[in-house]
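My entries follow the order in which I looked things up.

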Amino acid sequence: MGVYHAGSRAVQDRIGVREQADHVGRSVGRGIREIAAAFLELQPLLVVGAAAEGRVWASPLAGSPGFVRATGPHRVSVAGGPLPSDPLATAYATPGTPVGTIALDPRTRRRMRLNGRLAPTARGFTIEADQVFSNCPKYLQKRQSYEFVPDRRPAEPRRTAQLTDDQAGFVTAADTFFLATVHEGGADASHRGGNPGFVRVDSPGELSWRDYPGNSMFLTLGNLAADPRAGLLFLDWTTGTALQLTGEAHTEYGEDRRVRFAVLEVIETPSALPLRWSAPEYSPANPDPAG
């Protein structure tokens, strides 16, 4: 299959950006270039998107730099794995699972996406790449530094069908989240960013956000056009708390494109990640969320 499937093409044609998408799509390949391999080895965080037991989730993985590394021209290896309570635990253990990954470095406002198929190993798993590409730094908040908190241990996760008041506040205060989507034969993980308030909690069971202008590929909206299942991941960059949501999303096309996400399940894991990042410097590209 090429870079785009029918869902992405439908969105590109609706908005009138097929030519731009074809130009950007030429940068997508299977090979992991030397500069991409070096970038991966510096990262302490990887986000993985996949489907498990009929639902789509975004899952965070953390480790010392080098825990993710290229081990071949089309392969990455990841040492370690998710928490036992992670909703994608079975997917990580299943050979051939389609996964999307994103490595995001707030220090440099760089990000890299790699989509492919997973194979469990004795130390973690590998991913055989189908698509490898980078994105521009738009809407990515800069955080100058991070530190490991070695004595931080994940607490028992809290599972609910909707957002609690505290979780709604967490979402509203967020400047970043990760979005997992799928299509027939593949998966993708992407990033969304903005000034706090860019994600609206319309009710305990529904979120929405504007779809800011990007690279015109429309991989995420294309996936949602083909399969509405989606997973969201919000991180507390100070405490390491992870808030994972699964549900279904659809795009509203009006004066401003808006994505609406209906919540089916929420998992909140305090102290899920042993990382503490410095305060953010908001991207100059972020629109006013009230606009």
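Predicted model: local features only at pLDDT ≥ 70, side-chain atom pairs only at ≥ 80, totals over all residues.

**Entry 1: the largest pocket**

I began with a general idea: rolling a probe the size of a water molecule over the atoms shows where empty space is left. I then looked up the largest pocket and noted about 470 Å³ of space in it. Its lining consists of 28 residues, and those closest to the centre are His191, Arg192, Tyr212, Gly214 and Asn215.

Which element gives the most to this lining? I found that strand E12 does, with four residues. Strand E12 (186-193) is one of the elements that each supply at least two lining residues; the others are strand E6 (110-120), strand E7 (124-135), strand E14 (206-210) and helix H6 (219-226). By residue class, I recorded 13 nonpolar, nine polar and six charged residues in the lining of the largest pocket.

**Entry 2: the cavities**

Next I looked up the cavities and found two of 30 Å³ or more.

The largest cavity has a volume of about 60 Å³. I listed its lining as Leu40, Leu46, Val68, Val76, Thr101, Ile102, Ala103, Met112, Arg113 and Leu114.

For the second largest cavity I wrote down a volume of about 50 Å³. Leu45, Leu235, Asp236, Trp237, Gly240, Thr241, Leu273, Leu275 and Trp277 line it. This lining divides into six nonpolar residues, two polar and one charged.

Two packed helices are described by the angle between their axes and the distance between the axes.

How do the axes of H1 and H6 cross? I recorded that the axes of helix H1 (residues 6-15) and H6 come within 7 Å and cross at roughly 115°. Angles of 65 to 115 degrees count as roughly perpendicular, and I therefore describe H1 and H6 as roughly perpendicular to each other. The crossing is right-handed.

The contact involves Gly7, Ser8 and Val11 on H1, and Leu219, Leu221, Gly222 and Ala225 on H6. I counted four nonpolar and three polar residues in this contact, and no charged ones.

Notes: Residues numbered from 1 in each chain as written. Heavy atoms only, no water. 1 Å grid on protein atoms, 1.4 Å probe; cavity = no way out; pocket = protein on both sides within 12 Å on 5 of 7 lines; lining within 4 Å. Points joined across faces, edges and corners; volume = space filled by probe spheres on them. Nonpolar A, V, L, I, M, F, W, Y, C, P; charged D, E, K, R; others polar. Axes fitted to C-alpha atoms, helices over the stretch in contact; angles between N-to-C directions. Parallel < 35°, antiparallel > 145°, perpendicular 65-115°, else oblique. Left-handed = near helix turned anticlockwise from the far one by under 90°. Contact = heavy atoms within 4.5 Å.
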